[in-house]
Each structure stands twice: as C-alpha cells, then as structure tokens.
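Q: Can you walk me through this one? I'd like the fold first, then the charges.

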Amino acid sequence: MSRGGARTGAGRKAKEDRRVSMAVRVKPETRQRLEDAARAQGISLGQMVDAVAEAVK
C-alpha cells in the first residue's frame with residue numbers, strides 16, 4: 001500500500017504579520033510602566049513595545 005507525502009495546500013496557513021519572540025531583562029518598574037500604558041490604551045504588551053520602538057525611529 002502506497003503512503004504518499006503531504007497533500008498540496010494542507011496545514012496551517014502562514015500569517016502575513018508574523019511576530020517573533022524576544023526575551024529582555026528590564027527593571028520591574030519599567031515593565032509595570034509598559035503594562036500600565038498598554039492597559040490604558042487597550043493593547044497588548046507586545047503592541048506597546050512596537051509603539052515605543054516606532055517612536056524612537
């Protein structure tokens with residue numbers, strides 16, 4: 001019995017705006033400020049870090 005390979009087009013589709021994991025060490029106060037700012041704007045911590053990075057361009 002033949003067992004062919006993966007079907008064409010099978011599997012989870014790749015996201016357009018792929019994100020990567022990044023580990024950094026910051027002071028607890030810095031993390032709290034970022035979390036507070038993100039919560040106030042209704043966005044995730046990752047989105048807040050993106051916004052801060054855009055601001056320093």
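A: Here is a quick tour of the model, which is predicted.

Q: How many helices and strands does the protein chain have?
A: Two helices and zero strands.

Q: What radius of gyration does the protein chain have, and what would a compact globule of 57 residues have?
A: The protein chain has 19 Å. A compact globule of that length would be near 10 Å. The C-alpha atoms fill a box of roughly 65 × 25 × 20 Å along the principal axes.

Q: And how much of the protein chain counts as buried?
A: 4% of the 57 residues.

Q: Switching to charges. How many positive and negative side chains?
A: 13 positive and 7 negative. The centres of the two sets lie 10 Å apart.

Q: How many salt bridges in the whole structure?
A: Four. One of them joins Asp50 to Arg19, with the closest N and O atoms 2.8 Å apart.

Q: Which parts does that pair tie together?
A: Asp50 is in helix H2 and Arg19 is in the segment before helix H1 (28-41), so the bridge links parts 31 residues apart in sequence.

Q: Is Arg19 buried or exposed?
A: Exposed, at 51% relative accessible area. Asp50 is partly exposed, at 37%.

Q: What does Glu35 pair with?
A: Arg31, at 2.7 Å, N to O. Both lie in helix H1, four residues apart, about one turn.

Q: And Arg39, what is its partner?
A: Asp36, with the closest N and O atoms 3.2 Å apart. They are about one helical turn apart, because three residues separate them in helix H1. Arg39 is exposed at 59%, while Asp36 is partly exposed at 36%.

Definitions and conventions
Residues numbered from 1 in each chain as written. Predicted model: local features only at pLDDT ≥ 70, side-chain atom pairs only at ≥ 80, totals over all residues. Heavy atoms only, no water. Rg over C-alpha atoms; globule rule 2.2 N^0.38 Å. Buried < 20%, exposed > 50% of the residue type's maximum accessible area, 1.4 Å probe, protein only. Lys, Arg positive; Asp, Glu negative; His and termini not counted. Charge placed at Lys NZ, Arg CZ, Asp CG, Glu CD. Salt bridge = Lys/Arg side-chain N within 4 Å of Asp/Glu carboxyl O.
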